[in-house]
Amino acid sequence: MKLIIINGPNLNLLGKREPEIYGRNSFEDFFRTLQMKYRDIELEYFQSNVEGELISKIQEVGFSYDGVILNAAAYTHTSIGIGDAIKAIETPVIEVHISNTMEREDFRHVSYISPVAKGVILGFGLQSYELAIHSFL
Ligand code: DQA
């Protein structure tokens with residue numbers, strides 16, 4: 001099984017960024033533990049702060065991978081382009097968030113990803129990503 005985790009803007013700062021919300025672990029460290037734990041899965045990771053790069057990556061993997069685990073971060077709430085890219089591909093996408101966006105500011109209650117995602121996992125910290133892996137398994 002081939003899965004990719006795609007992270008959007010500012011998630012490269014995990015561990016340093018608002019740790020009371022997003023925790024103190026870097027994503028790279030967490031990703032290494034996932035790779036060790038799920039050796040039977042081909043697990044990749046891509047992060048970009050640039051909306052178009054996220055769209056290009058979704059297009060690139062969207063006809064050959066078994067699943068995409070996407071945290072589009074702030075673009076979740078604004079990006080029609082990312083929503084359209086998900087609609088355009090065949091690979092199922094699971095939307096994940098570290099925080100429970102529904103208990104935060106109103107603008108985080110809107111998602112352009114949810115209507116086109118296979119499912120949504122939010123509010124479990126970094127474990128949200130692992131729950132998404134389990135759902136693909
Ligand atoms: C986030 C929630 C978004 O609202 C925010 O813009 C992020 C991270 C999360 O994982 O909780 O950057 O996607």
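This is a predicted model: local features need pLDDT of at least 70, side-chain atom pairs count only at pLDDT 80 or more; totals for chains, interfaces and linings use all residues.
Five aromatic pairs are counted in the model. One of them joins Phe31 and Tyr45, with 5.4 Å from centre to centre and 35 degrees between the planes, and is classed as tilted. The two residues of this pair come from distant parts of the chain, 14 residues apart: Phe31 belongs to helix α2 (residues 27-37), and Tyr45 to strand β2 (residues 42-47). Phe31 has a relative accessibility of 9% and therefore counts as buried, since the limit for that class is under 20%. Tyr45, at 23% relative accessibility, counts as partly exposed. Both residues are members of one aromatic cluster, which is formed by Phe27, Phe30, Phe31, Tyr45 and Tyr129. A further ring, that of Phe46, has Lys57 over its face, at 5.0 Å from the ring centre.

Helices α3 (residues 51-61) and α4 were examined as a packed pair. Their axes come within 9 Å and cross at roughly 5 degrees. Helix α3 is therefore roughly parallel to α4, because angles under 35 degrees fall in that class. On the α3 side the contact consists of Glu51, Leu54, Ile55 and Ile58, which meet Gly81, Ile82, Ala85 and Ile86 of α4. Sorted by class, the residues of this contact are six nonpolar, one polar and one charged.

His77 is located in the loop that runs between β3 (67-71) and α4 (80-88). Its relative accessible area is 11%, so His77 is buried. With residues up to four places away in sequence left out, His77 touches Thr101, Phe107, Arg108, Val110 and Tyr112.

Asn25 is placed in the loop between α1 (19-22) and α2. The relative accessibility of Asn25 is 47%, and Asn25 therefore counts as partly exposed. For Leu14, the C-alpha to C-alpha separation from Asn25 is 6.4 Å, and the two residues lie eleven residues apart in sequence.

Definitions and conventions:
Residues are numbered from 1 along each chain as its sequence is written. Side-chain values use heavy atoms; hydrogens and water are left out. Rings of Phe, Tyr and Trp (its six-membered ring) pair if their centres lie within 6.5 Å; planes under 30 degrees apart count as stacked, over 60 as edge-to-face and the rest as tilted. Helices (H or I, at least four residues) and strands (E, at least two) are DSSP runs, numbered from the N terminus. Buried means under 20% relative accessible area, exposed over 50%, partly exposed in between (1.4 Å probe, protein chains only). A charge sits over a ring if NZ of Lys or CZ of Arg is within 6 Å of the ring centre and within 35 degrees of the ring normal. Contact means heavy atoms within 4.5 Å. Axes are lines fitted to C-alpha atoms, for helices over the stretch in contact, and angles run from 0 to 180 degrees between N-to-C directions. Angles under 35 degrees count as roughly parallel, over 145 as roughly antiparallel, 65 to 115 as roughly perpendicular and the rest as oblique. Ala, Val, Leu, Ile, Met, Phe, Trp, Tyr, Cys and Pro count as nonpolar, Asp, Glu, Lys and Arg as charged, and the others, Gly among them, as polar.
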